Amino acid sequence: MTATEIKKVKALLSKPKNIVIVTHWSPDGDAMGSSLGLYNYLLLKKHKVQVVTPNDYPDFLNWLPGNKKVINFSADAKAATLKVAKADFIFCLDFNSLKRIDLLGQEVAKSDVPKMIIDHHLQPEDFADFLLHDVKASSTCELIYDFIELLGDKKKITKEVADCLYTGIMTDTGSFRYPSTTARTHTVVAELIKAGAENGAIHRLVYDNNTENRLKLLGYCLSEKLNVIEEYSAAYFYLDQHDLEKFNYKKGDTEGIVNCPLSIKSVQFSAFFVERDGIIKISFRSKGKFDVNKFARDHFNGGGHANAAGGMSNLSIKETIAKFIEVLPAYHKQLSVKKK
């Protein structure tokens with residue numbers, strides 16, 4: 001953001017307003033951490049603030065400060081639509097295309113009030129008045145910290161704000177192990193801990209909050225559904241509707257599992273397919289230089305980051321996997337691993 005843009009946003013937020021914060025479909029730790037972190041900060045500035053999600057999110061994020069005030073559009077479209085219609089300012093966090101918020105995107109598009117995108121995904125679309133965007137940022141939560149700092153309000157970061165922002169940075173960096181974790185990321189995290197973020201407690205609340213069914217589902221997925229394609233240094237696995245029902249699936253139960261095959265020495269590219277409500281949701285992960293954002297955009301109506309992206313398919317799960325295997329040969333050179 002330029003100094004002029006920051007000045008304009010600061011002026012717009014100088015007096016109490018009705019503010020709506022929206023984030024992407026199937027919100028993760030960064031989506032909810034950034035939304036509720038910004039929510040708690042704006043409350044301190046005497047604004048009336050409402051977080052609206054397109055659908056539900058995992059139970060292990062329900063402890064975040066402000067969670068009980070969130071409106072789920074899928075569960076209460078009338079209330080959510082009314083809030084968007086009455087907004088004076090709309091923040092769009094952790095996404096860069098209105099398609100990423102499904103039907104909620106139509107309501108946001110109707111509104112002619114100022115909008116601001118804060119995001120770190122590639123190729124943002126031009127639908128907002130203000131943009132704080134950095135693909136090198138570890139997470140949107142890191143950018144929310146930057147935003148608060150740009151407004152001169154670093155001292156207003158309370159424990160509630162810090163807990164939310166730490167959660168998003170921790171989850172989006174894979175507990176600080178991904179290449180997106182920079183010196184700046186650690187500096188921000190240090191400041192959040194100084195502000196009261198309880199790093200150990202947050203880790204336990206997010207990662208040590210499993211049900212027995214979830215652990216059994218993960219074990220089943222890895223032992224029974226994992227397929228490694230050595231020729232292309234790739235791996236894939238899938239769960240169909242029957243599998244989900246067998247283990248009493250709840251949102252968030254498969255969070256992070258797509259990363260597991262990347263721990264295999266020879267695997268550079270991992271894909272995870274899940275059948276839900278007649279649609280195949282796909283997660284892609286890679287290590288090294290293989291660009292899963294481009295792969296997802298080219299073949300599966302998706303996108304994201306260079307090493308982490310998502311997609312979808314309206315084909316059956318068998319047809320979707322067949323398509324995935326069919327396109328792999330075109331990437332043979334990019335995925336080949338030199339044997340030492």
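**Ground rules.** I'm working from a predicted model, where local features need pLDDT of at least 70, side-chain atom pairs count only at pLDDT 80 or more, and totals for chains, interfaces and linings use all residues. Residues are numbered from 1 along each chain as its sequence is written, and side-chain values use heavy atoms, with hydrogens and water left out.

**Cysteines.** I searched the whole structure for disulfides (pairs of cysteine sulfur atoms within 2.5 Å) and got 0. For C92, the nearest cysteine sulfur belongs to C141 and sits 16 Å away, and C92 is in no disulfide. I looked up C92's accessibility too: it is 0%, so C92 counts as buried (under 20% relative accessible area is buried, over 50% is exposed, and partly exposed is in between, with a 1.4 Å probe and protein chains only). C260 is in no disulfide either; its nearest cysteine sulfur, from C221, is 8.5 Å away. C260 has 33% relative accessibility, so I put it down as partly exposed.

**Positive phi.** Most residues other than glycine have a negative phi. I checked D102 and found phi near 55 degrees, a positive value. D102 lies in the loop between β4 (89-93) and α4 (103-110); helices (H or I, at least four residues) and strands (E, at least two) are DSSP runs, numbered from the N terminus. D102's relative accessible area is 41%, so it is partly exposed.

Then I looked at N248, where phi is near 50 degrees, again positive in a residue other than glycine. N248 lies in the loop between α10 (241-246) and β9 (269-276). At 46% relative accessible area, N248 is partly exposed.
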